[in-house]
Amino acid sequence: MPIPYGRQSIEDDDIAAVVAALRSDWLTQGPAVAAFEQAFAAACEAPHAIAFSSGTAALHAAAHAAGLGPGDELTTSAITFAASANCGAYVGAKPTFADIDPSTWNVSAETVARALTPGTRCVVPVHFAGLPAPVRAIRAAVGDDIVIVEDAAHAIGAHTPEGPVGACHHAEMAVFSFHPVKTITSGEGGMVTTRDPHIAERLREFRTHGMRKDPARLERHEGGWHHEQHELGFNYRLTDLQSALGRSQLAKLERFVTRRNELADRYRELLGGEQQLELAPAALSGYRHAYHLFVVRHRGGAAARRRLYDGLHARGILAQVHYQPVYRHPWYARSYGYAPGLCPNAESYYEGCLSLPCFPALSSEQQEEVAAAVLALA
Ligand SMILES: Cc1ncc(COP(=O)(O)O)c(C=O)c1O
């Protein structure tokens, strides 16, 4: 059996939770969504959590709730999944890119400050691989007029000295993904956390076509059925089936993140002696890494990484590359004229990076097999 770089851990109680939802009165958004949101808000120590049909939908909603539109710019990390930047384009804003810090592979306050322009209205720091990005320092660097949306798709279960990622102490919103390779899954799914009740309301309306029913917020009162669309929203609802799975998985978050940290520690023991490899930056004291990914960077660059990737795949070890700089995608070059050289640290990182298998069900034997193959091919 091939070893993937990531995969879900579904257990009997997860299956039972979904079966119970199937037997209930609701299939689409109902009481299981509210229960998942409540449990998620508690886990993140945030007052509000709003569920979406995917992390991408959640980012789109966050860009809308941030009030972005044509003429505005949204700055995110050059090293991320394209959705972190696409969400700006969805609402007509221009995505721009901050370089990574070569010692963390995250953006820093300095790289974000360098990327700002007079049009920047929103910054999306990404907690890449699960390592908390320095959001507090970024807030200090950008001031209070810029909306910060943390892309925490990799970082459920990560901590800073101030508490869990998602608590939004220095950001307006934090966005999560429950895609099956992520630390907890709902099949597809996403969540936004926020401390701001008005933002929470905008997010809820956006996921249901921009419709509202609260009599206090309607223009007209035509009867009990009456509802009104005040914004252009979407159907971005999570279902009760997915929420039942998500809530069941959330109860295992500590166990999953602990196991991911054990795997990372073991990779450091097994691979630490190989001079050709730079291993994933560890969390500083007081922080907890969620290790959605365990990335190594081959110091030999593109050709060496290609050999390592091909050699591992030939052995059934499905390592993956996260990510090419987003602006190198042809759509970005075509739409905004981005060219190579924009973010040199990101480009040099991309040439060597490779994500090794890291997920709770990876056995010690499998991990040793992976490490032995990496050492043989590096
Ligand atoms: C950093 C990052 N942001 C956003 C997303 C989008 O999440 P989803 O796949 O749930 O739409 C992903 C998913 O891969 C991601 O890795």
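The axes of α3 and α4 come within 8 Å and cross at roughly 45°, and the two helices are therefore oblique to each other; angles under 35 degrees count as roughly parallel, over 145 as roughly antiparallel, 65 to 115 as roughly perpendicular and the rest as oblique. Axes here are lines fitted to C-alpha atoms, for helices over the stretch in contact, and angles run from 0 to 180 degrees between N-to-C directions. The crossing of α3 and α4 is right-handed, a crossing being left-handed if the near helix is turned anticlockwise from the far one by less than a right angle, and right-handed if clockwise. On the α3 side the contact is made by G55, T56, L59, H60, A62 and A63, and on the α4 side by A83, S84, C87, G88 and Y90, where contact requires C-beta atoms, placed from the backbone, within 7 Å.

This is a predicted model, in which local features need pLDDT of at least 70 and side-chain atom pairs count only at pLDDT 80 or more, while totals for chains, interfaces and linings use all residues. Residues are numbered from 1 along each chain as its sequence is written, and helices (H or I, at least four residues) and strands (E, at least two) are DSSP runs, numbered from the N terminus.

α3 (55–65) and α4 (83–90) are also the elements that give two or more residues to the shell around the ligand, and α3 supplies the largest share, three residues. Of the 15 residues around the ligand, G55, T56, F81, A153 and S177 come nearest, a residue being near if its C-beta atom, placed from the backbone, lies within 6 Å.

α3 in turn lies across β2, β3, β6, β9 and β10, running at about 165° to β9. The open sheet has seven strands in the order β2-β10-β9-β6-β5-β3-β4, with mixed pairing, two strands being paired if DSSP finds at least two bridges between them. β2 (48–52) and β4 (94–98) stand at the edges with a single partner strand each, so one side of each is left without a neighbour in the sheet. From one strand to the next, the twist averages 25°. Within the sheet, β3 (73–77) and β5 (120–124) pair in the parallel sense over four bridges, and T76 stands opposite V124 in β5.

Terms used: Contact = placed C-beta atoms within 7 Å.
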